Amino acid sequence: MADLQDHPCAASSAIGDFDDTPDGLAEAPTPAEVDIERARVLLAAQLVVDGHNTLAQELDRTHWHDLQHGSAFLDTDIPRIRAGGVGAQFWSLHVPPGPAAVQETLDRIDAVRTLVESCPEALRLALTAADMVQARDCGRIASLLGPVSGAALGESLGTLRAYHALGVRSVGIAGTRWTADPAGLTPFGEEAVREMNRLGVLVDLSGASGATMERVLDISKAPVILSHSAAQALTPHAVNVPDEVLLRLRANGGVCMVSFAPDQVTRRADQPATLWDVADHVEHVREVAGPECVGLAGSYGLTADAPHTIGLEDASSYPNLIAELLHRDWAEGDIAGLTWGNAARVVREAADAAQPA
């Protein structure tokens, strides 16, 4: 594959015109215009690291040209990512468990890397926190590979090392045989976590059992992430995280990246999820885990007609949430941590904790 680092930096800002959202999107209420304008200013200076986008599962039927210029079929394309103020994106490589999981994961890695190479003026592969900063400063969207499914490792540390060599920097450990142990992890699971630490691969706890989360936090020498979890105390969903784990994130230095997925954030069974629900989850995670341990995960990468949270219908919608948090008197420093600083720190610290082979 071509070396994307050879492409020169663009002079244009990484955040685009917020009025370029494609036509045909559902109308939704938004916060006051004064807060929106202030959110735009903040995002222009401090972009978003988004923890979870599932676009890879759609790339077999979507041409890169459509993504670069706008796709009405999806909730994600490059114009809307820019309009949303996203400067770095984790591209989920999750596949269902099964005998073809490794092959399907390799296909998804190839699809995302091909997308990045096909859009060199917009995207840049990032393997480190320094790569993230360089891409952002050059007006590119830093593209991080992961999480891959833990089930796609089988029980092979060699497969984990191969994924790392291909650029993967996060593994979701939920739903594996080696996390089904009553103690949280089997002996192989413990070895897998230690090997991820050694390689500088983030351990993603989203969707794992409470026992597994606790055991990982017992043994991990590096910060963990929850790539797309909201607060279980507010919405009892299987992918959400209990307060007991959020409390432990403080000592670990990890980050819970709050999902926008409507089923994970809805507060009332008889009403649709709204951006105010997401703001409630973000504030709960900040209160319990601390302002250094909260981030954002749009959970985009879906078709445009899939269920979405009102006010956060597509990848251009992050300013709406930031405006709501400003309206709730969030300090600009806490917003900078929420959007970029906390996630970038975790990527850097995981690499710092890694050991040479």
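This is a predicted model: local features need pLDDT of at least 70, side-chain atom pairs count only at pLDDT 80 or more; totals for chains, interfaces and linings use all residues.
View 1. Zoom in on valine 282: beyond its neighbours within four places in sequence, it is in contact with Val258, Val294, Leu296, Leu325, Trp330 and Leu338.

**View 2. Helices H12 and H13, packed against each other.** H12 covers residues 318–327 and H13 covers residues 332–353. Their axes sit 11 Å apart, at an angle of about 155°. Angles over 145 degrees count as roughly antiparallel, so that is the label for H12 relative to H13. The crossing of H12 past H13 is right-handed. On the H12 side, Ile322, Leu325 and Leu326 make the contact, while H13 brings Ile335, Leu338 and Thr339. Two of these names turn up in View 1 as well: Leu325 and Leu338 are both in contact with valine 282.

**View 3. Helices H7 and H8, crossing at roughly 50°.** Here H7 (residues 187–199) and H8 (residues 210–219) have axes that come within 10 Å. With that angle, H7 is classed as oblique to H8. H7 passes H8 in a right-handed crossing. Glu190, Val193, Arg194 and Asn197 do the touching from H7, and they meet Arg215, Val216 and Ile219 of H8.

**View 4. Asparagine 240, a buried residue in a loop.** The loop in question runs between strand E7 (225–226) and helix H9 (243–252). Asparagine 240 has a relative accessibility of 1%, and the cut-off for buried is under 20%, so asparagine 240 counts as buried. Its side chain reaches the backbone oxygen of glutamine 264 at 2.9 Å. Setting aside neighbours within four places in sequence, the contacts of asparagine 240 are Met213, Ser229, Ala230, Ala231, Gln232, Thr235 and Gln264.

**View 5. Arginine 80 in helix H3.** Helix H3 takes in residues 78–83, and arginine 80 is part of it. Arginine 80 comes out at 0% relative accessibility, so it is counted as buried. For a reference point, pick histidine 69: 11 residues separate it from arginine 80 in sequence, and the C-alpha to C-alpha distance is 9.6 Å.

Methods:
Residues are numbered from 1 along each chain as its sequence is written. Side-chain values use heavy atoms; hydrogens and water are left out. Contact means heavy atoms within 4.5 Å. Helices (H or I, at least four residues) and strands (E, at least two) are DSSP runs, numbered from the N terminus. Buried means under 20% relative accessible area, exposed over 50%, partly exposed in between (1.4 Å probe, protein chains only). A polar contact is a pair of N or O atoms within 3.5 Å; within protein, one must be able to donate a hydrogen and the other to accept it, and residues adjacent in sequence count only if both atoms are side-chain atoms. Axes are lines fitted to C-alpha atoms, for helices over the stretch in contact, and angles run from 0 to 180 degrees between N-to-C directions. Angles under 35 degrees count as roughly parallel, over 145 as roughly antiparallel, 65 to 115 as roughly perpendicular and the rest as oblique. A crossing is left-handed if the near helix is turned anticlockwise from the far one by less than a right angle, and right-handed if clockwise.
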